[in-house]
Every structure is written in structure tokens, then in C-alpha cells.
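User: Please take a close look at one part of this structure, a single residue and its surroundings. Then set that part beside the other local features that can be described.

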Amino acid sequence: MPTASEFGDRGGEMMLRASAMPRVLAEMPSRDAMQAQITARLLPVDRRPQDAPPDLDEAIGQVFSRMMARWRRHRVEELPDGEAAILCLIDALCRAEPDTAARLAQSFRRPDVLLKMRTEVHRLARERASYDRAFASLNETQALWQAKSFDQDTGMVDALEAMTVPDLDLWHHIVLNHDPDDPAQRAAALWCVRQKACDRATVAAWLVLTACHGGFARRVRRDGPEFIDALRMVIERWNNGSYRTAELGLDPPDRLRPMGPRALNALSKAAQMLDLPPLAEPKGLFSDYRGRLARDRSFWCLASGRLLKAPTRKAFIGSVGSIKAS
């Protein structure tokens with residue numbers, strides 16, 4: 001958030017470059033339209049759970065509320081045209097693509113401060129999206145437990161296919177903790193990384209741990225071209241950016257780095273063992289993965305695909321986000 005020392009105490013209009021104010025005012029809609037836009041951001045959303053981070057609209061509303069308090073404006077109607085235009089410009093900047101946001105920020109005396117604020121708003125919006133997905137996954141898993149849908153051993157793949165909401169933490173748990181000597185668990189891990197919503201840390205871990213497993217060569221010979229095709233598909237998606245989710249981290253973040261040479265060597269030789277075209281090298285696989293650590297999913301039995309106990313809210317829902325003060 002911009003501070004009083006950065007812009008003085010003469011009102012919000014000091015945030016803009018002097019030469020930018022006429023142009024900004026000329027590009028804005030009517031005063032009534034600006035007031036309606038600002039009011040919409042400031043309205044509380046009663047349906048938001050108390051422990052949920054704000055979504056994009058609500059995060060921008062937090063920014064507006066703090067700025068109006070700094071300017072000592074208690075009602076939207078008290079905002080001069082210049083300050084109303086600044087808030088609407090900030091709204092547009094927060095919603096714009098990065099290149100457009102950078103251009104809009106040049107209207108301010110401190111564009112770096114506004115772009116930092118935009119980054120914070122988008123961080124909260126991502127946390128809210130993660131919260132909504134986790135909450136939906138919690139509700140679905142609780143419903144499965146209450147319905148006793150998995151009283152019989154169904155296999156983990158059947159359990160995964162029965163779920164309609166992605167559970168990134170479960171997928172990560174399966175990849176890192178499955179028994180690679182159990183065909184059903186291997187199939188479950190492969191099912192997870194076939195999903196484009198799978199987290200990059202999970203996909204990277206699967207590629208490296210699979211290649212470094214002592215039975216990798218035997219698996220190549222046993223499963224043949226089908227396994228090579230699966231490896232090729234995952235590596236192709238990795239290299240073309242299909243795996244966009246980057247929410248999870250590893251402990252330590254560079255956990256995969258020491259296994260790099262061994263993994264790349266195994267992958268380079270895999271297709272040659274079957275006289276097939278070589279696999280591409282997965283680019284940037286051995287980065288540091290610094291996202292949040294995956295939440296506990298040990299209440300799933302990976303061997304049977306059964307829920308062992310009722311899932312708890314704590315296992316799905318993380319901490320609350322808010323705009324950081326400065």
C-alpha cells in the first residue's frame with residue numbers, strides 16, 4: 001500500500017503525476033458511474049466464509065477502504081473527482097494483464113508501489129481460488145465418508161475417478177507415498193500426473209522418483225511402449241507449459257536436485273531400451289519448489305482406495321489471507 005510519506009498529506013490526487021491527471025479524468029466515465037464502481041468494491045460480501053481469503057473484488061475493496069481512510073473520506077460521495085478517478089484507475093490496473101498494468105502504473109508518481117500492490121491483490125485472489133477448491137474437496141470427501149462409498153476395496157484409481165473436484169494435496173500424497181512395486185498404486189500415481197491441473201511440484205516429483213526407482217528398467221521392459229508413451233506425454237506437457245498450477249512445494253525445496261543426473265540418465269536411456277525415439281529432456285525440472293507444503297491425506301489408504309477415517313476441516317483449509325499493511 002502507498003504510504004503517507006510517499007505521497008504527502010494533501011489528498012489522493014498527489015499519487016498521480018501532475019501531467020497525468022487531465023488525461024486520467026478525461027478517460028473516466030461519469031461521476032455517477034465512478035461512484036457506483038467504487039461502491040460495488042466496498043460492499044461487504046456476507047456469503048464469504050469467515051476464514052476465506054478475499055477474492056479479487058474484495059481485495060480491491062480492502063485497498064479502496066484503506067485509501068479512503070487515509071484521505072479521511074468517510075463516504076464515496078465525499079471523494080473529489082480526482083480521487084474517484086484514481087480508485088477507478090487502480091481497479092483497472094489490478095484487473096489488467098501485466099503489460100497493460102505496467103502502462104497504467106506509469107500515471108502514478110511511484111509506479112513500483114502500485115505494481116507491488118497489484119501483486120499482493122493477485123496473491124490473495126489465488127489464495128481464494130485455492131480455498132474455494134479445497135472447500136469443495138472437503139465437502140465432497142466428507143460426503144464420500146458419510147455415504148460409506150468406499151467400504152469395499154475399489155482401488156485408488158476408481159476412488160480418484162469418482163471425485164469431481166481436484167484434490168491437489170491427495171494427488172501429491174499419492175505420488176510421493178505410493179508403493180512403486182504395487183501395479184495399482186503405480187497406476188494411481190500415473191493417473192494423477194495425467195491431469196493437467198496437477199501441481200508442477202507433483203509432476204516433477206513423479207518424473208524424478210519414477211526414473212530413480214530401482215525397478216525403473218524392469219518397468220520399461222515389462223510395460224513396454226505404453227509406459228514410454230506415458231512418460232513422453234508427461235514430459236511434453238511439462239515442456240509446453242500445460243501444467244500451470246504451482247501451488248505446492250517440496251521439503252526441502254531442492255529435494256529433487258541431487259537426483260538430477262541419475263534421473264536424466266535413466267530417462268534418456270528408457271526409450272532406447274525398446275528401440276523407440278528418445279524422450280525429450282524435461283526443461284527446468286530441477287528448480288526449487290517453494291510453495292506451501294501439501295496437507296495431510298494419510299486418511300486415504302493408497303493400497304485399497306478406501307477412506308480410513310472422517311476427513312477434518314483442518315486437513316483441507318489453510319490460514320486466512322488479507323492485504324498486508326505498509
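Analyst: Contacts of a single residue

Leaving aside neighbours within four places in sequence, His172 is in contact (heavy atoms within 4.5 Å) with Ala201, Thr202, Leu248, Gly249, Leu250 and Ala294. The model is predicted: local features need pLDDT of at least 70 and side-chain atom pairs pLDDT 80 or more, whereas totals for chains, interfaces and linings use all residues. Residues are numbered from 1 along each chain as its sequence is written, and side-chain values use heavy atoms, with hydrogens and water left out.

His172 belongs to helix α9, which covers residues 168-177; helices (H or I, at least four residues) and strands (E, at least two) are DSSP runs numbered from the N terminus. With a relative accessible area of 4%, His172 is buried (under 20%; exposed is over 50%, partly exposed in between, with a 1.4 Å probe and protein chains only).

Helix α9 also takes part in the lining of a cavity: the elements that give two or more residues to the lining of the largest cavity are α7 (111-147) and α9. A cavity is a set of points on a 1 Å grid over the protein atoms alone where a 1.4 Å probe fits but cannot get out, and lining residues have an atom within 4 Å of a point. The structure holds one cavity of 30 Å³ or more, and the largest cavity has a volume of about 60 Å³, taken as the space filled by probe spheres set on the points, which are joined across faces, edges and corners. Its lining consists of 13 residues, of which Arg133, Ala134, Asp167, Leu168 and Asp169 are the closest to the centre. Helix α7 supplies the largest share of this lining, four residues. By class, the lining of the largest cavity has four nonpolar, two polar and seven charged residues (Ala, Val, Leu, Ile, Met, Phe, Trp, Tyr, Cys and Pro are nonpolar; Asp, Glu, Lys and Arg charged; the others, Gly among them, polar).

Two helix pairs can be described next. Helix α5 (residues 81-95) and helix α6 (residues 98-105) pack at an angle of about 155°, with axes 8 Å apart; axes are lines fitted to C-alpha atoms over the stretch in contact, and angles run from 0 to 180 degrees between N-to-C directions. This makes α5 roughly antiparallel to α6 (under 35 degrees is roughly parallel, over 145 roughly antiparallel, 65 to 115 roughly perpendicular and the rest oblique). In this pair, Leu89, Ala92 and Leu93 of α5 meet Ala101, Leu104 and Ala105 of α6, a contact with six nonpolar, no polar and no charged residues.

The axes of α12 and α13 come within 10 Å and cross at roughly 75°, and these helices are therefore roughly perpendicular to each other. Phe216, Val220, Ile228 and Leu231 of α12 meet Ala266, Leu267 and Ala270 of α13, and by class this contact has seven nonpolar, no polar and no charged residues.

The loop between α12 (216-239) and α13 (260-270) contains Pro252, and the peptide bond from Asp251 to Pro252 is cis, with omega near -5°.

Some backbone details lie in other loops. Arg72, in the loop between α4 (56-70) and α5, has a positive phi of about 60° although it is not a glycine. Arg72 is exposed, with a relative accessible area of 63%. Asp275 is likewise not a glycine, yet has a positive phi of about 60°. Asp275 is placed in the loop between α13 and β1 (300-301) and, at 73% relative accessibility, counts as exposed.

Methods:
On a 1 Å grid over the protein atoms alone, a cavity is a set of points where a 1.4 Å probe fits but cannot get out, and a pocket is an open set with protein on both sides within 12 Å along at least five of seven lines; lining residues have an atom within 4 Å of a point.
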